[in-house]
Amino acid sequence: MTGDLFGPGGMLAFGMMIVWGVAVYRLGRIGYAASYKRMRRRIRGALAFMLLGCGMAAAKLAYDVSLWPGGWADWRNKLILQVPLLAAPVALTVLLSVPKLWAAHRACGKEKPEELPDGPARRRTADPAAVVPAQAAAVGSCLTLYLTWFTAVPIGWADLIVPLPLMIVASAGLWFRQRNRRRALGKLSWTLPPLAARTAKGSLALAVVAACLVFWIRGEAEASKLPDRIGMQDQEMAGMSGMDGMAGMEGMEHEDGQAAAGSGISVASLTGPAEDEPDDRFVLTAEQSQIKLASGTTVDAWTFDGQLPGPELRVKQGDLVEVTLRNRDIADGVTLHWHGLDVPNAEDGVAGVTQDAVMPGRTFVYRFVAGQAGTYWYHTHQVSDEGVARGLFGALVVEPKSGPVPEKKDIVVATHRWQSNDGYREAFGSADTLQRQTVAPGTTIRLRLINTSDDLEKLVLAGASYRVVAIDGTDVNGPEPLSNRTLQLAAGGRMDLSLTMPDTPVLLCSKESACGDGGESGLLLTPDGQTGSLPQVVFGEAFDPAAYGRPAATPFGADSRFDRDYRMEFDEKLGLYDGHIAFMYTINGRSYPDTPMFMVSENDLVKFTIVNRSSAHHPLHLHGHKLLVLSRNGKEVSGSPWWSDTLDIGPGERYEIAFRADNPGIWMDHCHNLQHASSGMMTHLAYEGVTSPFAAGRATVNHPE
Ligand SMILES: [Cu+2]
């Protein structure tokens, strides 16, 4: 998942630990040199690594500071812990050790190069002031690596309190040890002990530490196993009246709070219209199928109706839609979630929260009014990390009530990454090769881009100017023409482009595939059916939804008085999840099901501040609600109102968003990189007084992620 082990910060921490380790090893060997010449060389070698270590420590601190644009509030936790761990030993190294070692180096230069160093010379190089600061820096960089890799903000009490005293105690111990070593090394009768004697103690200590570590990790792995049955009543609640929110979350007190568990409204009762005759009826059958992509390579797919992607569902705004889901042979079960469309809670299709997974041979009927026009998609929300990747998804287009889609040609492009027999294939739908469509010049076109993969998609439309007319299903106000922009589409997000076909070819392509050079993939629109010369592909300046289009009135904004004001911090760590070692992306330091639910009451105006301290992108998807983006990195949105349901939060970014709690239920609030979600990056938005009779976990059929 995180091949780069937490980006430059993590790599710097790791490299720094190695460099200081080598510096300490080399320092220890100086006293054993067999000649003054060798002693001088060893001093220079140790000094080089010490100075490199100092530089890396400075770079690590500078990198951590630079990453967080929000200032003090954003980088306090981990950084403040690292400053004394790194800065103090580095300062002592520069002020004490380096001058002492350099003086020893100069003194050696005055002796005969080939002679065995005498007692005083050995004593000088074993001076605690010359050696211990570097040893302390090595301890400090181990602790920094621990904090960088194995903890997530907000840092727990033990991790806050232990590191600094631990380093001080360790340094004091090393100081005493070094004084004894200096005494031993400085004795005139001293002779070099045999190699076995020098290594035995160290090896034994290492073996004991390794054994303790293995024993401890096995215990922790067992303890990290998820409960067999996870119901809503098992999750903590943040912001509940009379309950403590977790650290870093400030839920406001609410007067009309009531117990969310036990009595109350069941999510199962929050259905769409049950009786009326539907305007649109669909049946989707989930089944396993071998599907050939355009290149001829085969995918072991899970499909709806044997197609990749599933059938495009097209309805009119205001229609009552009825979809019958049948599961033919998906052994893990399946559900249907209407991504981005705000349906009643019981129709939301989340296994273990709003329904039980539909197992083979069973059916489930969804009924909802398609209230919002725009581009949406549907996908399974049972074992969704695997199910969506293998094909259990399709486009859902809601055409406006006011009339037909303004553009004459309406093309849906679902970007996906298939695991095929030939490895991963980037594709538009099931097309992993260049696809051609003939479009007469002058024709207006709407391109509905849907990112159905787990990663941020970077797309470019070359050969024509266009407007971004909708984001996540909501129209942009006053969109201006653009060209050659890099369109960054959040995993799960949508973007509608509108353009008029020119006399020359137009090419849509993804940065992930070999598009343009060689033209192996992408969507090519040609005026005459001939390929001709492809337009030049330029991945220009990134399109910025925060400063695009014209401002317009919104029902609430940054100055509104909010009923709830929550904070959500993403971080990452190596840890144990459900019995195995995992890269974990955390929400406020925790993973599901330890992540408390964010509690709201109906009609609350809710604000979230979302900070991403990790090195990965996290597309935050809240079910059942549209989020208004207020600001990014402290800067207010200056263009058209930006409504989103799947908001990509990049590394180091900080967003403020707001929404009206107007759709009662228990709603998933999770990262739409479904790999991240399945390793715990999810929680719920829950309305006070709403309960769920469903549960997830090994003792049930339900595994929503
Ligand atoms: Cu994520």
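Leu 92, Val 94, Leu 95 and Leu 96 make up a nonpolar patch on the surface of this predicted model, and their accessible area together is about 350 Å². Val 94 belongs to helix 3, which covers residues 72-109. With a relative accessibility of 42%, Val 94 is classed as partly exposed.

**Domains**

How is the protein chain divided? Domain 1 covers 7-192, domain 2 is made of 230-263 and 553-696, domain 3 covers 269-404, and domain 4 covers 405-543. The centres of domain 1 and domain 2, taken over C-alpha atoms, are 42 Å apart.

**Nonpolar cores**

The largest nonpolar core has 78 residues. Its members that touch the most other members are Leu 447, Leu 449, Val 468, Leu 487, Phe 608 and Ile 657. Leu 487, with neighbours within four places in sequence left aside, is in contact with Leu 449, Tyr 466, Val 468, Met 495, Leu 497 and Phe 543, among others. The contacts of Leu 487 also include Glu 457, Lys 458 and Leu 459. Another core, of 30 residues, lies apart from the largest one; Leu 12, Val 19, Leu 86 and Ala 137 are among its residues.

**Salt bridges**

The count of salt bridges comes to 30.

| Residue | Partner | N to O distance |
|---|---|---|
| Glu 322 | Arg 367 | 2.5 Å |
| Arg 446 | Glu 407 | 2.9 Å |
| Asp 563 | Arg 561 | 3.5 Å |

The side chains of Glu 322 and Arg 367 meet in a salt bridge. Glu 322 is in strand 7 (residues 320-327) and Arg 367 is in strand 9 (residues 363-369), so this pair ties together parts that are 45 residues apart in sequence. Both Glu 322 and Arg 367 are buried.

Arg 446 forms a salt bridge with Glu 407. Because Arg 446 lies in strand 15 (residues 444-451) and Glu 407 lies in the loop between strand 11 (393-399) and strand 12 (409-420), the pair ties together parts that are 39 residues apart in sequence. Arg 446 and Glu 407 are both buried. These two residues also belong to a network of salt bridges, which links them with Glu 312, Arg 314, Lys 316, Glu 399, Asp 410, Arg 448 and Asp 496.

**Backbone geometry**

Most peptide bonds are trans, and most residues other than glycine have a negative phi. The following bonds and residues depart from that pattern.

The peptide bond from Val 153 to Pro 154 is cis, and its omega is near -5°. Pro 154 sits in the loop between helix 5 (128-150) and helix 6 (157-161). Tyr 592 and Pro 593 are also joined by a cis peptide bond, with omega about 5°. The loop between strand 24 (580-587) and strand 25 (597-600) holds Pro 593.

Asp 578 is not a glycine, yet has a positive phi of about 50°. Asp 578 is found in the loop between strand 23 (564-577) and strand 24. Asn 603, again not a glycine, has a positive phi of about 75°, and is located in the loop between strand 25 and strand 26 (605-612).

Methods: Residues are numbered from 1 along each chain as its sequence is written. This is a predicted model: local features need pLDDT of at least 70, side-chain atom pairs count only at pLDDT 80 or more; totals for chains, interfaces and linings use all residues. Side-chain values use heavy atoms; hydrogens and water are left out. Domain bounds come from an automatic or database domain assignment. Patches are made of residues with over 30% relative accessible area and no salt bridge: like charges are joined within 9 Å, nonpolar side chains (Val, Leu, Ile, Met, Phe, Trp, Tyr) within 5 Å. Accessible areas come from the Shrake-Rupley method with a 1.4 Å probe; for residues, only the protein chains shown count as cover. A salt bridge is a side-chain nitrogen of Lys or Arg within 4 Å of a carboxyl oxygen of Asp or Glu. Helices (H or I, at least four residues) and strands (E, at least two) are DSSP runs, numbered from the N terminus. Buried means under 20% relative accessible area, exposed over 50%, partly exposed in between (1.4 Å probe, protein chains only). A nonpolar core is a set of buried Ala, Val, Leu, Ile, Met, Phe, Trp, Tyr and Cys residues joined through side-chain atoms within 4.5 Å. Contact means heavy atoms within 4.5 Å.
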